[in-house]
Amino acid sequence: MGTRLKVALVFGGRSGEHEVSLRSAASVALGLQHRHDVLPVLVGKAGGWLLQEGEPRPAGGTPVFLAASPEDGGRLRRLADARELARPDVFFPVLHGTFGEDGTVQGLFELAGVPYVGAGVAGSAAAMDKALMKSLFAQAGLPQVEHRVLTRRDATAEARLVDELGLPVFVKPANLGSSVAVSKVKTREALAPALALAFSYDRKVVVERGLDVREIEVSVLGNDEPAASLPGEILPDREFYDYASKYAADSHTELVIPAPLDLAQRAEVQALGLAAFRAVDACGYARVDCFLERASGRLLVNEINTIPGFTSISMYPKLWEASGVPYPELLARLVALALERHQARARLSTHYAG
């Protein structure tokens, strides 16, 4: 790792989290520049790729494409005439949400045969789809909040939700993050509008029982032998940790690092984080969000994010900083993990003689 690698920072994207990705990319680019050369690649809201010079920007650049063939060597080629413009050593997707965190762009990287940071196709898809994710957590025996999954508007099923889960409930699209289109429903009358909002973003919706909890998060780093950071706690400035609480300029949400937990609770959060990471077959990095129920003291796994927010003040890097890994070093480790996994996959046999 003594040479300066060329890292294609792929950001923006077609999801409702496009703006969040822009913020993450700006911070990641600064952190990577300590050791690597950064090639910003903006994915526009319509899906086109734009190779930029200098710092990542919210607009502009040369239209490029990545050929879905290892024979092309991972080159970024100009869309107009296929001329080679860059040949990255590794790709670093900072694409939150659909078409980035869900296995789609990871599939392109696999077809192109290039190293890339973060979870693979299966791990990304499973972690992005909250319904699949919760099924895998259940299979692994992880404690969770009681929930239901709807795949279409069904008046009969909707009528049963409140009877089965009580009030309040949380309604969320299965395949979005950053609390986009998440609603806290306190009355029966508010359920239908909340479902309509969630279904406008995804064909699948998750409805969870509302509990009185503390929000605890832990960062995981590694491939086959992952490690967990110190846990942190979210103290939202609103009724729950919604989009505005996370990103609004006037937000007063607090991140408490390390979380005020006893040693047994800290160890349990770290163990749950590692178990959730393995349950979806993640690799590279992920943030695992847990609940600590105030009344019972139970710890529950909420979800895993395989491309968590990555600004310098986001929970994922701050937890590792508190655990002894500063931001630039963390990014360097992620690049190294990407190369490690790529080399391991390259050693696998692709021919069978029978």
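Good morning. The model is a predicted one, in which local features need pLDDT of at least 70 and side-chain atom pairs count only at pLDDT 80 or more, while totals for chains, interfaces and linings use all residues. Residues are numbered from 1 along each chain as its sequence is written, and side-chain values use heavy atoms, with hydrogens and water left out.

A word on terms before I begin. Helices (H or I, at least four residues) and strands (E, at least two) are DSSP runs, numbered from the N terminus. Two strands pair if DSSP finds at least two bridges between them.

I turn to the sheet of seven strands. This open sheet has the order β6-β5-β4-β3-β2-β1-β7, and its pairing is mixed. At the edges stand β6 (84-86) and β7 (90-94), each with a single partner strand, so one side of each is left without a neighbour in the sheet. From one strand to the next, the twist averages 40°; angles run from 0 to 180 degrees between N-to-C directions, and axes are lines fitted to C-alpha atoms, for helices over the stretch in contact.

Is strand β2 mostly buried or exposed? Six of the seven residues of β2 (residues 37-43) are buried, so this strand is largely enclosed by the rest of the structure. Buried means under 20% relative accessible area, exposed over 50%, and partly exposed in between, with a 1.4 Å probe and protein chains only.

On one hand, β2 pairs with strand β1 (residues 6-12) in the parallel sense over seven bridges, and V7 has V38 of β2 as its bridge partner. Together with helix α1 (residues 18-32), β1 and β2 make a right-handed β-α-β unit; right-handed means that, with the strands pointing away from the viewer, the path from the first strand over the helix to the second runs clockwise. Helix α1 lies across β1, β2 and β7, and runs at about 160° to β1.

On the other hand, β2 runs antiparallel to strand β3 (residues 49-51), with three bridges joining them. Here L42 stands opposite L50 of β3. The two strands form a hairpin with five residues between them, and in the turn G47 has a positive phi of about 110°. Strand β3 is also joined by three bridges to strand β4 (residues 62-66), again antiparallel, where L50 stands opposite P63.

I now come to the sheet of four strands. It is open, with the order β8-β11-β9-β10 and antiparallel pairing. Its edge strands are β8 (147-150) and β10 (183-185); each has a single partner strand, so one side of each is left without a neighbour in the sheet. The twist averages 20° from one strand to the next. Four bridges join β8 to strand β11 (residues 205-209), and H147 stands opposite E208 in β11.

Which helices pack on this sheet? Helix α4 touches β8, β9 (169-173) and β11, its direction making about 50° with that of β11; contact means heavy atoms within 4.5 Å. Helix α6 (residues 191-199) touches β8, β9, β10 and β11, and its direction makes about 20° with that of β9.

Finally, the axes of helix α3 (residues 121-128) and helix α4 (residues 130-139) come within 5 Å and cross at roughly 100°. The two helices are therefore roughly perpendicular to each other, a term for angles of 65 to 115 degrees. The contact is made by A126, A127 and M128 of α3 with K130, L132, M133 and L136 of α4.

Notes
Angles under 35 degrees count as roughly parallel, over 145 as roughly antiparallel, 65 to 115 as roughly perpendicular and the rest as oblique.
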